[in-house]
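Me: Please take a close look at a single part of this model. Walk me through how it is put together, and give the cut-offs as you go.

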Amino acid sequence: MTETTHAHPAALSPGDWAKTRSPEYRLARNALRGLRHDLIHNAFACRPLPRREMNGRLARLLPARLREHAGWAPHALIVALAPLAFGVSDGSFSVILGLLAGIPILMTLVRPVGAFWLSMGATVISALFGNTWGDWPWSPASIVCHLTVLTVVALRTRPRTAAWMWVITALYGGLAETLLDPPGAYDYSTNTAPLLVYSALILLCVAVWHIRRSAEEEVTAQQTVTAHERSRRTLLEERTTIARELHDVVAHHMSVVAIQAEAAPYRVENPPPELERAFATIRENAVAALTELRRVLGVVRAEDYEAPDAPQPTLADLDALLANVRDTGLDVEKVVTGAVRELPQGVELSAYRIVQEALSNSLRHAPGASARVEIGYVLGGLGLRIVNGPVPAPNLVKPSPGAGHGVTGMRERVTMLNGEMTAGPTDDGGYEVAVFLPVASVNEGDA
């Protein structure tokens, strides 16, 4: 014998009980919840209308003094519409009814949802005690007041709130035409339908404006994220390039260490076993370091990357670079100060790449201008200054915009060597890049 147990609706939780209802019931329940959230909950909460930010294209066309006050234009427009509703009021209580029509408009500046309910109440009072001019149930003052309030509140809230306000307005108009008669009038016409059409058109325009504004905000946010990701990708690409170049420098030094450690025992007759084991350990560590270096480089190497056949350039190769740049049409001058000496290969490579990138930027952004490369060998390091003059004919020559990697790559190289860099326009319209790369001095006693 099987016993079937049915759960009583009272035993279910409110959430589970709601899930057992039909989709229509859940839709109506959610709609009423939205009505309560939008128009009833905290209906008279203070929400002051903020000053509008004047950063658009039209705002930039205004004079500076006028632009300072243009942000209050919406407030001034709302305040100007309140006397209009007051002026079209008529009847025995025209002053009181005019105030009732103007106060909701002003109230939209601080309590928008509360202004809608106040406008509905003022509409009822104006219909009962005012002159409707043969139209029922909306008096002229009520029409001006309610359309203004609907527009402002819809602009300040969201499209769902505007839809609820229109529905409530339609319900009031239908009930007033069905259940109420205009006082002291026998020949009248109803004006709810025209009001609903006008208000629907206004609210539709506001909803389209909201949708467009939301789309613009999403596009702006997406563009910001894209620009951030592009900048981050550029930075990673530059660091990868630097890692590839420095691999050759470090690998060369480690190979020299391994070779010297292997050959050192043969330079001494009958070397002690401890010395042979020490050099063998040095060679093993150098070979292991080379293996790990190649493994790490393989992670950041692109699939189409090919190792260069020639060694990485140094400052000794700078004259060939300047000759190639002159062949492209850039008049470049080189000035060297201080005692020329051999620097660490990583410093020379970075200095060469910085000069190369700075001259490339001059060719791209200032075609036809002259450039000057200054190299200063000082006690604490190496100084670089690459400056180009202004474009001879900026109206005739169109510079080619680069990918934006130049300055980023230079800064990464300088940061890697704990150096300093400044880049920016000069007073005469040119551009200057100044770099200092520190180099630790070696004392004679430590050599």
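Reply: Contact here means heavy atoms within 4.5 Å. Helices (H or I, at least four residues) and strands (E, at least two) are DSSP runs, numbered from the N terminus. Axes are lines fitted to C-alpha atoms, for helices over the stretch in contact, and angles run from 0 to 180 degrees between N-to-C directions.

This is a predicted model, where local features need pLDDT of at least 70, side-chain atom pairs count only at pLDDT 80 or more, and totals for chains, interfaces and linings use all residues. Residues are numbered from 1 along each chain as its sequence is written, and side-chain values use heavy atoms, leaving out hydrogens and water.

Five strands form an open sheet in the order 3-4-5-7-6. The pairing is mixed. Two strands pair if DSSP finds at least two bridges between them. Strand 3 (331–337) and strand 6 (420–425) have a single partner strand each, so they stand at the edges, with one side of each left without a neighbour in the sheet. From one strand to the next, the twist averages 10°.

Now take one pair. Strand 4 (residues 370–378) and strand 5 (residues 381–388) run antiparallel, joined by eight bridges. V378 faces G381 of strand 5.

Helix 13 (residues 345–365) packs on this sheet. Helix 13 touches strand 3, strand 4, strand 5 and strand 7 (431–438). Its direction makes about 10° with that of strand 5. Helix 14 (residues 406–416) lies across strand 6 and strand 7. Against strand 6, helix 14 runs at about 160°.

Helix 13 also has a helix partner. Two packed helices are described by the angle between their axes and the distance between the axes. For helix 12 (residues 318–327) and helix 13, the angle is about 10° and the axes are 11 Å apart. Helix 12 and helix 13 are therefore roughly parallel to each other. By the cut-offs, angles under 35 degrees count as roughly parallel, over 145 as roughly antiparallel, 65 to 115 as roughly perpendicular and the rest as oblique. From helix 12, L318, L321, L322 and V325 make the contact; from helix 13, Y352, V355, Q356 and L359 do. That contact of helix 12 with helix 13 holds seven nonpolar residues, one polar and no charged. Ala, Val, Leu, Ile, Met, Phe, Trp, Tyr, Cys and Pro count as nonpolar, Asp, Glu, Lys and Arg as charged, and the others, Gly among them, as polar.

For reference, take another helix pair. Helix 8 (residues 140–156) and helix 9 (residues 159–179) pack at about 160°, with axes 9 Å apart. Helix 8 and helix 9 are therefore roughly antiparallel.

Last, confidence. pLDDT is the predictor's confidence in each residue, from 0 to 100. The protein averages 81, and 82% of the residues score at least 70. Over residues 1–7 the pLDDT is below 50, and this stretch has zero contacts in the model beyond near neighbours in sequence. Where pLDDT is low, the predicted coordinates should not be read in detail.
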